[in-house]
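I opened a new notebook page for this structure. My notes follow in the order I looked things up.

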2 protein chains.
Amino acid sequence: MQYPEPIAKLIDSYMRLPGIGNKTATRLAFFTIDMNQDDVDQFAKSLVAAKKDLHYCSICGNITDEDPCEIDRDQTRDQSQVLVVEQVKDLMSIERMNDYHGLYHVLHGVLSPIEGLGPEDLNIESLIKRLQTNEAIKEVILATNATPEGEATAMYLARLIKPAGIKVTRLAHGLAVGSDIEYADEMTLLKAVEGRTEL
Amino acid sequence: MQYPEPIAKLIDSYMRLPGIGNKTATRLAFFTIDMNQDDVDQFAKSLVAAKKDLHYCSICGNITDEDPCEIDRDQTRDQSQVLVVEQVKDLMSIERMNDYHGLYHVLHGVLSPIEGLGPEDLNIESLIKRLQTNEAIKEVILATNATPEGEATAMYLARLIKPAGIKVTRLAHGLAVGSDIEYADEMTLLKAVEGRTEL
């Protein structure tokens, strides 16, 4: 016997999600059948709504249901700083810190020759245009990940932006707070020593 | 900034699924936004359809879109054997083996005093009724898991069914095919030695 069609289709749908294989999809499908009706309806509705109502902000690339996004509409934010991140999730992490009050720019990826991702695949053109047309911006903070691809993207952007006379900074490298030196890798230790501060 | 409402709701929906926490739900939600429209619509539809169209078979407890289920409707199957499993997934595993051609009964759980699950919470009453009213059934094969709860449930059912004069059997315990003796636990080895067969 095969699974009845409705559950086979649901398993198939779950399997399209990243990191979910056959076994997990089956478990989730059976769980769905036992969920209460309201939750399932809500789930279905939120799937369709998220796809329909969400767009990328035309200014910064942040995810939003209104254009421009909440951050770009907020005139109380520091209009002189733009912090560049790879993904919307990174933007959310910085926001959660509750200490940065400038603007953002989301690249939606990093330069990755292996995956065939060049500058034209990222949200870079709109960043350059933004810097050229908006004279209020005095500093670009490059907050791409501390991975080889993130570093390369930061270097590329720095070379692109610096000639325009805008200050370009990069997040500090060093030991994570609460971490042991014993377990830090050599590169991190090197950066931590290089970037030591006077007490 | 908070996530826009549509994505916050979708993250919340994903988090209701078992084994999916905040981080994974966020990843899935962002993935959903980048999925193509058809896939998302199909996903939403299959969720609602699975919940609406699927029921448990009134005879055996299998999941089905028609009652009775495909297996119970199939008169070519051996009507004298009923194999008792904990979950529909177990039934599917046995079916995939393609060697058992009898009927099934799905308990939808095991006896578990710790979780407060007694006989009345399982699909046991209908099994007893079925055995009382259907004289064709000659053997009940207990295929609950080889866990303490599965064993206890099997013992409970055996004591319940045997007095009716129906043959009750249990799946064999022993070494998994392809496994190393070195890595087998003591209980499995004990059962394997006890149940040794002559060559």
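**Entry 1: a charged trio**

I started at Asp12(A), which counts as partly exposed because its relative accessibility is 40%. This is a predicted model, so I kept its confidence scores for a later entry. I looked for a partner of Asp12(A) and found Arg16(A). Their side chains meet in a salt bridge, at 3.4 Å from N to O. Arg16(A) is partly exposed too, with a relative accessible area of 42%.

Which residue of chain B does the side chain of Arg16(A) meet in a salt bridge? I found Asp39(B), at 3.5 Å from N to O. I therefore noted a network of salt bridges that links Asp12(A), Arg16(A) and Asp39(B), since side chains of opposite charge can pair when their charged atoms come close.

**Entry 2: where the chains meet**

The rule finds 2 salt bridges across the interface of chain A and chain B. I also noted 10 residue pairs in polar contact between the two chains, both residues at pLDDT 80 or more.

Which elements of chain A supply at least two residues each to the side that touches chain B? I listed α1 (5-15), α2 (22-34), α3 (37-53), β2 (63-64), α4 (70-73) and α5 (88-97). Of these, α3(A) gives the most, with 14 residues. By type, the residues on this side of chain A divide into 29 nonpolar, 10 polar and 14 charged.

I then took the totals. The contact takes 53 residues from chain A and 53 residues from chain B. The two chains bury about 4900 Å² between them, and 71% of that is on carbon and sulfur atoms.

**Entry 3: one serine of chain B**

I picked Ser13(B), which sits in helix α1 (residues 5-15) of chain B. Is Ser13(B) buried or exposed? At 4% relative accessibility, Ser13(B) counts as buried, because the cut-off for buried is under 20%. I left aside its neighbours within four places in sequence and found Ser13(B) in contact with Gln42(A), Phe43(A) and Ser46(A).

**Entry 4**

I counted 16 salt bridges over all chains. One of them joins Lys9(A) to Glu5(A), with the closest N and O atoms 3.2 Å apart. Both residues lie in helix α1 of chain A, 4 residues apart, about one turn of the helix. Lys9(A) counts as partly exposed, at 40% relative accessibility.

Next I looked up Arg77(A) and Glu95(A). Their side chains meet in a salt bridge at 2.8 Å, N to O. Arg77(A) lies in the loop between α4 and β3 (81-85) of chain A and Glu95(A) in helix α5, so the pair ties together parts 18 residues apart in sequence. Both Arg77(A) and Glu95(A) are buried.

**Entry 5: Ile59(A)**

I found Ile59(A) in the loop between β1 (55-56) and β2 of chain A. It counts as partly exposed, at 32% relative accessibility. Not counting residues up to four places away in sequence, Ile59(A) touches Pro68(A), Asp72(A), His105(A), Ser126(A) and Arg130(A). Ser126(A) is 67 residues from Ile59(A) along the chain, yet their C-alpha atoms are separated by 7.4 Å.

**Entry 6: confidence**

Last, I checked the scores. Chain A averages a pLDDT of 91, and 99% of the residues score at least 70. Within chain A, confidence is lowest in helix α8 (residues 186-194), at a mean of 86. It is highest in strand β4 (residues 103-106), at 96. The model scores ipTM 0.77 and pTM 0.75.

Note on methods:
Residues numbered from 1 in each chain as written. Chains lettered and ligands numbered in written order. Heavy atoms only, no water. Buried < 20%, exposed > 50% of the residue type's maximum accessible area, 1.4 Å probe, protein only. Contact = heavy atoms within 4.5 Å. pLDDT = per-residue confidence, 0-100. Buried area = accessible area lost by both parts, 1.4 Å probe. Polar contact = N/O pair within 3.5 Å; in protein donor to acceptor, adjacent residues only side chain to side chain. Nonpolar A, V, L, I, M, F, W, Y, C, P; charged D, E, K, R; others polar.
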